[in-house]
Amino acid sequence: MVPNELIQKVEALAKEAQSSFLAAGSVDELYQFKVKFLGKQGSFSGLMREMGKMDKEVRPAFGQLVNQKKSEIEKIYENQESDLKKAAMADRIMAEKMDLTLPGPGLATGHKHPLHQVMDDVIDILARIGFSVRTGPLIEKDWYNFEALNIPEDHPARDMQDTFYIDDTHVLRTHTSPVQIRTMENEKPPIRIIAPGSVFRSDSDISHSPNFHQLELLLIDEVVSMADLKGLISYFVKQFFGPQIKTRFRPSFFPFTEPSAEVDCSCPICKGKGCRVCKQTGWVEIGGSGLVNPKVLQFVGLDPKKYQGCAFGFGIERMAIIKYGINDIRLFNENNSRFLTQF
Ligand code: DAH
């Protein structure tokens, strides 16, 4: 028979273990108690070690008692562990609960590059009054880029344009004016065309990019005068920048026009008062223009006695810079979304 006091000792220990397990608030805490009571150095193992000091007759019954209590306690431990794990999982699920009714983060969609927006705008404006789009190659024959535009070899105008040469007879087109020649060669007057596109010059700084864009316009008919040109440009500028914007011509020189004029518009940013964009002058330059030089008409086989024409070529980047007050032309090519998303 196991003495009463030993039985009580075992039962007291089992009770203590049970209440400790049930009081544990987390799996970690429970595990600490498991080590304390059921571990190798734990209380139950201690009881078994004490068996050595007991009488031989008592030992088997005592051992049985301890083992029985221990396995009861182990069950309690397992139940408690699984309860705590379930509770922890439930807490986590509550904490991570998704609200399916919340609006999603939204898809970031791209939009047209500001230069293409400007290009589309100017095409729209001129298409409304009967001009249609023509294109030409970026690698252009010397003939179209220069000769037929009355810019012979050794003409100083070639230096003005910092040409990229491909070989002796081909260049990266330095302007969109060659499309004038290509169109006049292929179509009969009246001609009303615009040619937007990429052009190239060996030049790079805050206001020059080796690759930029121009918009060319050509009108050929039997009677065309500077008044038509001025009317066209002032319509175009008012449509693009706003109705209060004025235009002015400054006498200039281009080999393919006679007379030639540079075109300024009153600064759309400061409305002509003077600001950083117009360098305090109230006016900004947007391109060149003029009446088609009769020599150019002759080059393409049109009779200068019968036909006249006017033309202009504007810088697309310049128009965007002026309209939006941008201070560095290189921003257009950097692909920085903080810049691009502003348009
Ligand atoms: N092609 C000229 C340039 O890039 C600009 C130009 C001037 C175009 C006068 C024209 C024009 O059509 O008439 O510098």
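Analyst: **A strand and its partners**

Strand 9 (residues 283–292) runs antiparallel to strand 10, and five bridges join the two (strands pair if DSSP finds at least two bridges between them; a strand is a DSSP E run of at least two residues, a helix an H or I run of at least four, numbered from the N terminus). Across this pairing, L291 stands opposite C310 of strand 10.

This is a predicted model, in which local features need pLDDT of at least 70 and side-chain atom pairs 80 or more, while totals for chains, interfaces and linings use all residues. Residues are numbered from 1 along each chain, and side-chain values use heavy atoms, without hydrogens or water.

Strand 10 also pairs with strand 6 (residues 211–221), again in the antiparallel sense, over eight bridges. Here Q308 of strand 10 is the bridge partner of D221. Of the eight residues in strand 10 (residues 308–315), seven are buried, so the rest of the structure largely encloses strand 10 (buried means under 20% relative accessible area with a 1.4 Å probe).

Now for the helices. Helix 5 (residues 114–127) and helix 9 (residues 226–241) have axes that come within 10 Å and cross at roughly 135°. Helix 5 brings V118, D121, V122, I125 and L126 to the contact, and helix 9 brings Y235, F236, Q239 and F240 (contact means heavy atoms within 4.5 Å).

Technical notes
Axes are lines fitted to C-alpha atoms, for helices over the stretch in contact, and angles run from 0 to 180 degrees between N-to-C directions. Buried means under 20% relative accessible area, exposed over 50%, partly exposed in between (1.4 Å probe, protein chains only).
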